[in-house]
Amino acid sequence: MNKNERFVKKITLKSVDFSRWYVEIIQKAELADYAPVKGMMVIRPYGYAVWERIQRLVDERIKKTGHSNAYFPLLIPESFLQKEAEHLEGFAPEVAWVTYGGKEELEERLAIRPTSEAIIGTMYAKWIKSWRDLPLLINQWANVVRWEKVTRPFLRTTEFLWQEGHTAHESFEEAQDETLMILSLYKEFVENELAIPVISGKKSGREKFAGALETFAIEAMMSDGKSLQMGTSHNLGQQFSKVFNIRFEDRNQKLQYVWQTSWGVSTRLIGALVMTHGDDSGLKFPPNIAPVQVVIVPISAGNWKETVLPVARDIEKKLEKEGLRVKLDEREEFTPGWKFSEWEMRGVPLRVEIGPKDIEKKQVVVVRRDTGKKENVTQSSLNIKVPEILREIQKNMFEMALKFQQENTHEVKNYEEFKAIMDSKKGFIKAFWCEDQVCEEKIKEETMATIRVILLDQDKKAARGKCVFCQKPTETVVYFGRAY
RNA sequence: CGGGGCGUAGCGCAGUCUGGUUAGCGCACAGCGUUCGGGACGCUGGGGUCAGGGGUUCGAAUCCCCUCGCCCCGACCA
């Protein structure tokens with residue numbers, strides 16, 4: 001789009017006030033609205049359609065890798081939650097409790113699940129007897145509640161939707177393979193479907209999941225330079241199996257505790273889509289995830305209902321036949337210009353304009369949301385051309401985001417450079433770290449930056465360096481960033 | 001949870017300091033007509049427990065107290 005043109009008006013500019021832009025665009029594009037209870041939101045049909053796309057694309061990947069869906073209950077008895085001490089301590093401040101059933105006070109209060117390890121562990125103990133029952137690979141799509149103090153639509157809400165996978169295995173190695181396989185599944189999904197480039201790796205001790213042996217995560221850089229955790233995959237080791245007594249008889253007839261994993265992505269991904277791709281005109285959805293991929297706007301001039309509309313309807317059918325999600329906007333109460341802006345704001349990747357002039361020439365005008373470029377396309381070639389352009393948009397959006405991420409990732413040698421960059425430019429800082437939590441804490445105190453991920457061996461070139469804070473020699477490379 | 005800001009029609013605001021006609025404006029909404037290739041225009045109309053509760057007063061959107069919500073900045077977190 002021409003830099004000086006901005007057709008969508010009445011939204012705060014992204015460059016002026018990022019967080020205001022974020023909440024305004026979510027409401028104006030009708031993704032979500034605030035609910036009467038603090039920290040809770042309504043996901044409106046357009047926003048929920050995005051979630052349904054995410055669900056479908058994640059679900060098919062989870063099933064392809066051997067997992068089945070199930071559903072576990074919302075309420076968890078307090079005593080179950082208490083079994084794993086670190087887990088309880090980690091979640092205690094944000095658990096909501098049910099204390100009454102009707103008018104009667106409950107003997108034991110019930111937690112509204114903040115996550116389901118406790119209830120699922122309890123059930124696994126009943127179901128798993130032998131190595132022949134393993135691996136047990138279950139996923140659930142559910143809502144969870146965490147009593148957060150600071151909330152923002154999609155990024156952190158009191159209730160959110162997610163999928164949580166819970167698996168049990170015979171050995172540490174098998175659990176570790178599962179954990180890392182899911183991590184790369186998430187990465188592939190987010191990059192190919194959401195067009196959001198991510199960094200992936202291990203979480204540091206202070207950032208890991210309460211009760212896990214190790215936590216792995218994918219993180220992405222939002223267009224304000226801050227980092228957002230997009231998905232996590234935990235190797236739970238035997239910490240939960242020991243307290244929930246999930247034992248199996250192994251291949252040598254010895255009784256053993258299972259090795260577990262858990263992993264999830266949430267409605268937060270929708271917030272990431274907004275913050276990664278959105279611009280001053282509003283949302284910008286990658287075609288693979290967009291609820292509407294193509295909007296057809298008839299130019300409603302003269303006797304358009306007799307001339308333009310029938311052709312527009314034919315085009316709609318033709319594109320639908322190609323498996324595309326198409327919307328024909330034939331509302332009479334809005335002008336074409338108004339509709340252009342409206343659908344741009346709602347992030348539709350491609351617009352097809354058709355008016356009297358086009359009818360004459362048997363063509364349409366096609367406009368890309370990612371670049372703003374207009375192009376004349378003959379009506380007869382639309383079924384070939386439109387899917388082709390959508391693929392290009394998908395690719396281009398990922399490349400634009402990747403370019404931004406790379407341009408805002410800085411490698412630093414010493415702490416002075418580190419502070420200078422965090423003060424001015426934000427983004428990621430790639431640096432060596434000695435693995436001492438003290439250095440991590442100090443850096444956080446002084447710069448607000450935390451370790452987003454620790455690079456895995458396979459992702460880093462073998463190298464030695466010095467901890468960016470204390471200068472101790474180390475081989476560990478990490479990404480720092482300010483996080484949401 | 002601390003510090004700051006803000007709550008008046010769906011949205012954005014004026015009115016509050018200095019209490020006093022029927023609470024006003026723009027956008028949005030409804031009806032009719034003219035328009036329509038980048039947020040059209042005219043006419044007519046509907047919509048308000050002034051965030052909620054309590055108090056002061058002859059009289060409260062306006063003054064006082066309490067509660068709630070939203071936004072921003074910190075501490076805690078998917």
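Author: Buried means under 20% relative accessible area, exposed over 50%, partly exposed in between (1.4 Å probe, protein chains only). This is a predicted model, where local features need pLDDT of at least 70 and side-chain atom pairs count only at pLDDT 80 or more, while totals for chains, interfaces and linings use all residues. Residues are numbered from 1 along each chain as its sequence is written, and side-chain values use heavy atoms, with hydrogens and water left out.

Reader: Why is Cys 439 called buried?

Author: Its relative accessibility is 5%, and the cut-off is under 20%, so Cys 439 counts as buried.

Reader: And what makes Cys 434 buried or exposed?

Author: Cys 434 comes in at 15% relative accessibility, so it counts as buried too.

Reader: How many disulfides turn up in the whole structure?

Author: Zero, on a search of the whole structure. Cys 434 is in none, with the nearest cysteine sulfur, that of Cys 439, 3.6 Å away.

Reader: Switching to strands: what is the order in the open sheet of five?

Author: S17-S16-S19-S20-S21, with mixed pairing. Strands are DSSP runs (E, at least two residues), and two of them pair if DSSP finds at least two bridges between them.

Reader: What makes S17 and S21 edge strands?

Author: Strand S17 (326-328) and strand S21 (374-378) each have a single partner strand, so one side of each has no neighbour in the sheet.

Reader: How do you know which way S20 and S21 run, and how many bridges join them?

Author: Five bridges join S20 (residues 363-368) to S21, and the two run antiparallel.

Methods
Chains are lettered from A and ligands numbered from 1 in the order in which they are written. A disulfide is a pair of cysteine sulfur atoms within 2.5 Å. Helices (H or I, at least four residues) and strands (E, at least two) are DSSP runs, numbered from the N terminus.
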